Amino acid sequence: MRTAGLRRERLAEAMRQVLSEILIGGMKDPRLAGVVVSAVELSGDLKIARAFFSVVGDQERERQAADALHQARGYLRHEMGRRLRIHNAPDLEFTRDRGYERADRIDRILSSLPPRAEAEGTPGAEPADDDD
């Protein structure tokens, strides 16, 4: 059974690469400019592929990209199946990847905190020598 999981992971990574290539070079829809596929997850039976995408911009830009991906999913499925030589290519579902946004938000919060002063007695801190 371990080989089935490994096969699914390899196929998901290959699908991510192919979808990225198609979006970069093979799409004429301007709403898909700047869309990046960050990951693909396959269902256990390999019939559904959930592709996580990110796009720079506001919520309107995000909505436009999601609509364009939804409209193009038949073409993307066909082209992905052709390039990967998959007889029954999985149905595509597109989901917004919010991982980068969350990481950026956490980074901004952490950078806004004041620096922590080194208190005496903290682990790893050496005591000051006053005998000099």
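Is E79 buried or exposed? The structure to be searched for the reply is a predicted model, in which local features need pLDDT of at least 70 and side-chain atom pairs count only at pLDDT 80 or more, while totals for chains, interfaces and linings use all residues. Residues are numbered from 1 along each chain as its sequence is written, and side-chain values use heavy atoms, with hydrogens and water left out.

The protein has three helices and three strands, arranged along the sequence as α-β-β-α-β-α; here helices (H or I, at least four residues) and strands (E, at least two) are DSSP runs, numbered from the N terminus. Of its 132 residues, 27% count as buried, a word that stands for under 20% relative accessible area, with exposed being over 50% and partly exposed in between (1.4 Å probe, protein chains only).

The largest nonpolar core holds 25 residues, and M15, L19, L23, V35, V40 and L76 touch the most other members. Such a core is a set of buried Ala, Val, Leu, Ile, Met, Phe, Trp, Tyr and Cys residues joined through side-chain atoms within 4.5 Å. At least two residues of this core come from each of α1 (2-25), β1 (36-42), β2 (48-54) and α2 (59-84), and α1 gives the largest share, seven residues.

E79, to return to the opening question, lies in helix α2 and is buried, because its relative accessible area is 8%. Its side chain is joined to that of R82 by a polar contact of 2.5 Å, that is, a pair of N or O atoms within 3.5 Å, where within protein one must be able to donate a hydrogen and the other to accept it, and residues adjacent in sequence count only if both atoms are side-chain atoms.
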